[in-house]
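I opened my notebook beside the model and jotted down what I looked up, entry by entry. Have a look along with me.

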Amino acid sequence: MATITLEGLSKVYGKGVKAVREIDLDIADGEFVVLVGPSGCGKSTTLRMIAGLEEISGGTLKIGGRVVNMQDPKQRNIAMVFQNYAIYPHMTVRQNIGFGLYTSKLDKAQKNQRIDAAAETLGLTPYLERRPAALSGGQRQRVAIGRAMVRDPVAFLFDEPLSNLDAQLRAQMRIEIKRLHQRLGTTIVYVTHDQVEAMTLADRIVVMRDGDILQVGSPTELYENPVDIFTARFIGSPAMNLLPATRTAGGVTIDGTSVQVALPAGGGDKLLIGVRPHEFVVDPSRAGQPGAFAVEGVVDAVEPLGPETLVHIKVGATEAIATAPGRVVPAVGQTVTAMAQPGSLHLFDAKTEKALPRP
Amino acid sequence: MADTTADPAPKGRIWDKLTIGQKRVVWAWVFLAIPIVFFVVIRFYPTFWAFWLSLTNWDLMRPARFIGLANYQRLLNDPAFWQVFRNTFAYLIIGTPISLLLSFVIAYYLDRVRFMHGFIRALYFVPFLTTAAAMAWVWRWFYQPVPIGVLNNILASIGLPAQPFLRSIEQGLPSIMVTAIWAGLGFQIIIFMAGLRAIPQTYYEAARIDGLGEWPILRKITLPLLKPTTVFLVVFSSIGFLRIFDQVYNMTTNDPGGPLNTTKPLVLMIYQTAFQSYAMGYAAAQTVVLFTILLIVSLLQLWVLRERK
């Protein structure tokens with residue numbers, strides 16, 4: 001087990017294309033860190049640099065306090081699980097798991113013991129003599145994890161390990177990986193583009209875009225206090241609504257209607273008011289609540305989910321999603337009032353896209 | 001309007017009664033029928049006829065007369081046949097492994113080269129596009145004595161004795177084999193490269209993370225995963241060497257298969273027996289022998305290289 005430290009780490013491809021721009025990150029021993037961002041944000045490149053599969057263009061990478069920039073992957077003693085599992089079709093499950101021990105100096109009995117132990121942990125014991133072709137997607141992914149486990153590495157690196165699985169299996173494997181981390185306590189760096197995976201698995205989430213780190217924090221921190229519009233929209237599902245607003249003396253105007261909001265000083269006149277769909281409620285029974293942030297909109301579509309209904313509304317030209325409780329299903333075309341508690345609002349400067357202090 | 005939908009053409013009625021699956025089968029057979037008819041008339045019928053001919057003394061002039069296994073007896077007692085038999089297997093046993101090894105090594109390294117990759121690949125592939133006759137004549141020129149032959153000129157310039165190459169009973173066969181290997185190399189390289197490309201990059205990355213070096217990766221991952229490609233090329237290349245003809249014929253036109261039959265393969269012998277001696281029955285017996293050899297060698301290779309479950 002070890003800490004992983006990135007200091008000004010960067011990756012430049014060929015003709016000056018910067019895939020990763022001088023990022024700093026401290027990963028504590030035993031921490032589960034998830035790198036998340038859209039494709040092309042540099043998260044996989046960062047992971048591959050940690051693994052030693054990609055040359056480091058600048059900065060230093062330390063694993064367990066040792067600078068490993070120039071070391072081969074095998075010298076770093078890390079294990080990696082790939083999106084396509086990278087388990088070998090011509091070997092049995094036992095041989096695949098044992099492949100992680102190829103260079104180890106253990107004798108055959110010890111190796112077998114480790115393979116059996118890993119298989120036991122992952123529930124693969126009945127499949128040890130099978131070929132990967134005879135396994136399901138989830139089982140193959142477990143074989144890949146098993147191969148990583150037997151080595152007893154200082155850190156696990158996961159590169160979008162669940163992307164090839166169907167939704168149901170993905171949810172199941174997510175929990176299994178989380179349990180595995182709790183049991184083994186090994187440092188994990190996990191790359192995904194799926195914010196749900198990031199939220200559910202991570203001790204800390206690192207949001208990346210265009211090779212930069214935008215924000216680092218616990219899932220709750222990121223959800224509650226996104227530093228900019230990108231993170232605000234990226235974390236949370238459905239994504240946060242952003243309503244364009246203009247600052248006035250007493251509050252703001254949204255689509256020509258003035259709305260009362262307490263505003264912090266500073267920032268430009270053009271604002272974006274962020275409100276999460278779950279805190280943006282369409283409920284006629286609570287109409288006229290004093291002090292609430294209230295906006296009128298025309299219902300565009302409704303998605304009843306059972307416990308709640310997602311109400312797509314149009315506020316002027318802006319589309320927004322609000323929720324209606326229980327069995328309240330507004331009619332399409334109807335004008336409704338969506339309300340939010342002032343404390344649940346996020347304010348962003350429309351120009352810089354940075355967050356303003358919460359009202 | 002209502003009438004047309006209620007009462008379609010009688011032909012359409014039969015077609016409409018077929019299920020989708022049956023319609024597909026009908027269509028498939030419509031397309032398959034043409035090549036099948038073609039192959040039956042042009043290929044299979046003469047093939048089976050050759051088996052019959054091999055038991056006759058047909059010489060184009062008189063009608064064929066059944067003579068039992070006399071042709072085969074004659075073949076077994078013919079020292080020229082055994083010389084040709086040895087030659088054919090020399091082409092096979094030396095040519096196939098060397099050409100496969102060479103093409104694999106080239107493909108393996110070419111796969112990693114980014115600089116002028118397409119151009120280099122094209123260079124290797126050009127021989128495959130060239131007419132065998134033209135190629136053979138160029139190589140024949142290479143092998144000429146000083147001052148015409150390039151190879152002997154090179155040898156002379158570095159002070160080595162000139163070599164007879166095609167004029168020698170020892171060097172004739174290897175000289176022709178070099179040409180044949182070179183001719184087939186481009187194709188084999190392309191196939192090997194396609195096989196190598198089909199192996200996901202992550203297999204190698206995972207192995208590197210597990211600490212394997214180049215050699216174990218090659219032995220444990222690349223070669224086993226390349227096996228279907230290798231099987232195909234072994235069989236394909238073996239059949240090619242067993243049927244070698246153009247190179248030999250064109251490089252030894254003065255005395256095809258010479259000197260002293262030392263470069264003559266079975267196909268050339270068949271050609272001479274049939275179209276110079278007009279001993280059609282005897283030639284047919286030789287083709288049956290060739291057919292049997294091809295069959296046995298291919299089946300043997302498929303069995304040796306079979307997928308073990």
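Entry 1, the sheet in chain A. In this predicted model, I found an open sheet of four strands in chain A, running in the order β2-β1-β4-β5 with antiparallel pairing. I then checked the edges: β2 (17-27) and β5 (66-67) of chain A each have a single partner strand, so one side of each lacks a neighbour in the sheet. Next I followed β1 (residues 4-13) of chain A, which pairs with β2(A) in the antiparallel sense over seven bridges. In that pair I saw A:Tyr13 opposite A:Val17 of β2(A). Helix α1 (residues 43-51) of chain A packs on the sheet and touches β1, β2 and β4 (58-63) of chain A. Its direction makes about 115 degrees with that of β1(A).

I looked up α6 (residues 117-129) and α9 (residues 172-197) of chain B, whose axes come within 5 Å and cross at roughly 135 degrees. The two helices are therefore oblique to each other, and α6(B) passes α9(B) in a left-handed crossing. From α6(B), the residues I noted include B:Tyr124, B:Phe125 and B:Phe128, and α9(B) meets them with residues including B:Trp182, B:Phe187 and B:Ile190. By class, this contact has 10 nonpolar, two polar and two charged residues.

I read an ipTM of 0.81 and a pTM of 0.79 for the model. Chain B averages a pLDDT of 88, and 95% of its residues score at least 70.

Note on methods:
Residues are numbered from 1 along each chain as its sequence is written. Chains are lettered from A and ligands numbered from 1 in the order in which they are written. This is a predicted model: local features need pLDDT of at least 70, side-chain atom pairs count only at pLDDT 80 or more; totals for chains, interfaces and linings use all residues. Side-chain values use heavy atoms; hydrogens and water are left out. Axes are lines fitted to C-alpha atoms, for helices over the stretch in contact, and angles run from 0 to 180 degrees between N-to-C directions. Angles under 35 degrees count as roughly parallel, over 145 as roughly antiparallel, 65 to 115 as roughly perpendicular and the rest as oblique. A crossing is left-handed if the near helix is turned anticlockwise from the far one by less than a right angle, and right-handed if clockwise. Contact means heavy atoms within 4.5 Å. Ala, Val, Leu, Ile, Met, Phe, Trp, Tyr, Cys and Pro count as nonpolar, Asp, Glu, Lys and Arg as charged, and the others, Gly among them, as polar. pLDDT is the predictor's confidence in each residue, from 0 to 100. Two strands pair if DSSP finds at least two bridges between them.
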